[in-house]
Amino acid sequence: MRYGILGSGMMGQEHIRNIALVDGAEVTGLVEPDPGMRARSEALAPRARSFASLEDMLLGDHIDALVIATPNDQHLGELERVAAARPLPVLVEKPLYTQARERARIEALARDYPAPIWVAMEYRYMPPIQRFLETADDATGGIKMLTIREHRFPFLEKVGDWNRFNTRTGGTLVEKCCHFFDLMRLALGDEPVRVTASGGQAVNHVAERYSGAQPDIWDHAYVIVEFAGGARAMLDLCMFAEGARFQEEITAAGPEGRIEARVPGPGRFWPPSLGPAPVADLRVAPRQFGREAPESPRQIEIPVDPALLEAGDHNGATFYQHQRFLAAIQAGTEPEVSLADGMAAVRMGLAAQAASIEARVIDLADWPG
């Protein structure tokens, strides 16, 4: 399968490195306007041809599938350009869109686009989170409470520093946290009905200026989501907490027990002075209360192939995602992460931001966003 990469900045290069590890896949086309990023991507994919535009790359028979890894506010327009020129199978980076008014255009793509569009929700494919998703219902007896905590480093520098501003990213609870809202829906197998939140910008980027403008991207939040079936989920995000041993901790609890997945951050950010970097793990703890023969908690390390850790910052997830994307294309099956999934995650993020700004609970059934 021959892939074209549209946008080969930090995430585009991660896709290139991981596609190179997938049997039967190679990158044969690149579109990247920034000369420095283009040079780096060409070094990673020496057999690929660089094109001046998306339309140029889509002409002829250069590629069989497309990866869109451009800034957030470009994703929707680029999907529409592909639809108009040559509707190939597409893996599009999250978030799918950034403004509530754009949802109707996504719905039109979902209705009319003739090839698969897979939304890149890498967190689903992190090995400890995959194991968590597979076993959480059995371990808990049915999830009643779900908590996702991400304590991490600030947003990294990107070309043009587009990720410093809400207008281009959709805001932190869309840009970053659509991953977590996607995981909530997936783990619970249910749809959200109410959202409330409190968040803002406390520490990161406040002293920076770009063409005189101060960044307004949020760096922390709490979000509570109620689901139709009665379960509750909470997000705890802090982006000035890079000292955490684990970057993501996901916990589910129910009548039979508790299960927790813990995922370390990228190894390149772990100080060597602290010794070996932590390994992802899963902890399963059956309930003890009222049991004559209580079971001991079990802790299971889930190591990831070092080559996959080296290829990206998502604990091997980008590789596994590409394996499954390719398999879906070859088998003619539906994407595992659909446009509907991408829309739902963005809508939850937009609602959480609105709930925080307006200091209220948002009932999603009545919310126009």
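## Contacts of Leu146

Leaving aside residues up to four places away in sequence, Leu146 is in contact with Phe132, Met184, Ala187, Leu188, Arg232, Ala233, Met234, Ile250, Thr251 and Ala252. The model in which these contacts occur is predicted.

## Nonpolar core

Leu146 also belongs to the largest nonpolar core, a set of 103 residues. Together with Phe132 and Met184, Leu146 touches the most other members of that core. Both Phe132 and Met184 are among the contacts of Leu146 listed above. Helix H12, which spans residues 339-358, gives the most to this core, contributing 10 residues.

In soluble globular proteins, nonpolar side chains tend to be buried together. In this chain, buried residues account for 54% of the 369 residues.

## Overall fold and dimensions

The secondary structure of the chain consists of 12 helices and 15 strands. Among contacts with a separation of 6 or more, 71% link residues 24 or more positions apart.

The radius of gyration of the chain is 21 Å, which agrees with the value near 21 Å for a compact globule because that value is the one estimated for 369 residues. Along the principal axes, the C-alpha atoms fill a box of roughly 70 × 45 × 45 Å.

## Surface and charge

The accessible surface of the chain amounts to about 16,100 Å², and carbon and sulfur atoms supply 51% of that area.

The chain carries 37 positive and 51 negative side chains. The centres of these two sets lie 2 Å apart.

Notes:
Residues numbered from 1 in each chain as written. Predicted model: local features only at pLDDT ≥ 70, side-chain atom pairs only at ≥ 80, totals over all residues. Heavy atoms only, no water. Helix = DSSP H or I, 4+ residues; strand = E, 2+ residues; numbered from the N terminus. Rg over C-alpha atoms; globule rule 2.2 N^0.38 Å. Buried < 20%, exposed > 50% of the residue type's maximum accessible area, 1.4 Å probe, protein only. Contact = heavy atoms within 4.5 Å. Areas by Shrake-Rupley, 256 points an atom, 1.4 Å probe, with all protein chains shown as cover. Lys, Arg positive; Asp, Glu negative; His and termini not counted. Charge placed at Lys NZ, Arg CZ, Asp CG, Glu CD. Core = buried A, V, L, I, M, F, W, Y, C linked by side-chain atoms within 4.5 Å.
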